[in-house]
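Thanks for coming, everyone. Let me put the structure on the screen, and then we can walk through it together.

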Amino acid sequence: MDVFDALFTRRSIRKFTTQFVSKDDENLILKAAMLAPSACNEQPWHFVCVRDAELRERLSHVSPYTHMAAEAPLVIVVCGDLSLEKAKGMWVQDCSAAIENILLAARGKNLGSVWCGIHPEKEREAKTREVLGIPDSVIPLAVISIGHPAQHFSEVSRFDKARIHRDKW
């Protein structure tokens, strides 16, 4: 798939079929995630890949927005490891770039995905830590549900000239 096709047709998919997501697709998505830029090339990320149905069910309750994790065949929890930080405070941006790569790589494989934020909500972080046994020095940033879509992809334009400022505000 052309990169612009992926960009222009990517959308949040919250309904999935029961079809399995291959390990090859999972590894390709993770490879794409780890190609994201990061401050000082620190790569402060960790990825918890969850296929176990019971754990996915539990993750579906860590936030009011993660309900689709129960039905998605693959969930990737993106975490920032504060012990890997070279540029303090940049881990959120670094991991967010990795998340965008995950979403685009999933679209490139005709998989649906949705990004559900966990950080900075402390209660959501604690629940996610508890479900997955994440250490205190690692912060769960987001839950990404991935699967074969039971919804259609379509191109939507969100281009808004009013949001563009040239040279000065």
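Let's begin with a question: is Ser38 buried or exposed? Ser38 is buried, at a relative accessible area of 16%. By that word I mean under 20% relative accessible area, with exposed being over 50% and partly exposed in between, using a 1.4 Å probe and protein chains only.

Before I go on, some housekeeping. This is a predicted model, where local features need pLDDT of at least 70 and side-chain atom pairs count only at pLDDT 80 or more, while totals for chains, interfaces and linings use all residues. Residues are numbered from 1 along each chain as its sequence is written, and side-chain values use heavy atoms, with hydrogens and water left out.

Back to Ser38, then. You will find Ser38 in the loop between H2 and S1; helices (H or I, at least four residues) and strands (E, at least two) are DSSP runs, numbered from the N terminus. Setting aside neighbours within four places in sequence, Ser38 is in contact with Gln43, Pro44, Trp45 and Asp94, where contact means heavy atoms within 4.5 Å.

Pro37 sits in that loop between H2 and S1 too, but Pro37 counts as exposed, at 61% relative accessibility. With neighbours within four places again left aside, Pro37 is in contact with Trp45, Asp94 and Ala97. If you like distances, Pro37 and Lys122 are 85 residues apart in sequence and 26 Å apart in space, C-alpha to C-alpha.

Now some backbone angles. Most residues other than glycine have a negative phi, and most peptide bonds are trans. In the loop between H2 and S1, Cys40 has a positive phi, near 55°. Asn41, also in the loop between H2 and S1, has a positive phi of about 50° although it is not a glycine. Cys40 counts as exposed at 56% relative accessibility, and Asn41 counts as exposed at 52%. Elsewhere, the peptide bond from His119 to Pro120 is cis, with omega near 10°; Pro120 lies in the loop between S3 and helix H5 (122–132).

On to the sheet. In what order do the strands of the open sheet run? The order is S1-S2-S4-S3, four strands with antiparallel pairing; two strands pair if DSSP finds at least two bridges between them. Strand S1 (45–50) and strand S3 (112–117) are the edge strands, each pairing on one side only. From one strand to the next, the twist averages 25°. S1 and strand S2 (residues 74–81) run antiparallel and are joined by six bridges.

Helix H2 (residues 23–33) touches S1, S2 and strand S4 (138–147), and its direction makes about 165° with that of S1. Axes here are lines fitted to C-alpha atoms, for helices over the stretch in contact, and angles run from 0 to 180 degrees between N-to-C directions. Helix H4 (residues 91–108) also packs on the sheet, touching S1, S2, S3 and S4, with its direction at about 10° to that of S4.

Next, the rings. How many aromatic pairs does the structure hold? There are two aromatic pairs. Rings of Phe, Tyr and Trp (its six-membered ring) pair if their centres lie within 6.5 Å; planes under 30 degrees apart count as stacked, over 60 as edge-to-face and the rest as tilted. Phe4 and Phe8 make a tilted pair, 5.9 Å centre to centre with 40° between the planes. Both lie in helix H1 (residues 3–9), four residues apart, about one turn of the helix. Phe4 is partly exposed at 47% relative accessibility, and Phe8 is partly exposed at 44%. Trp45 and Phe47 form a tilted pair too, at 6.4 Å centre to centre and 40° between the planes; Trp45 and Phe47 are both buried.

Finally, the cysteines. The structure holds zero disulfides, a disulfide being a pair of cysteine sulfur atoms within 2.5 Å. For Cys49, the nearest cysteine sulfur is that of Cys79, 10 Å away; Cys49 is partly exposed, with a relative accessible area of 31%. Cys116 is buried, at a relative accessible area of 5%.
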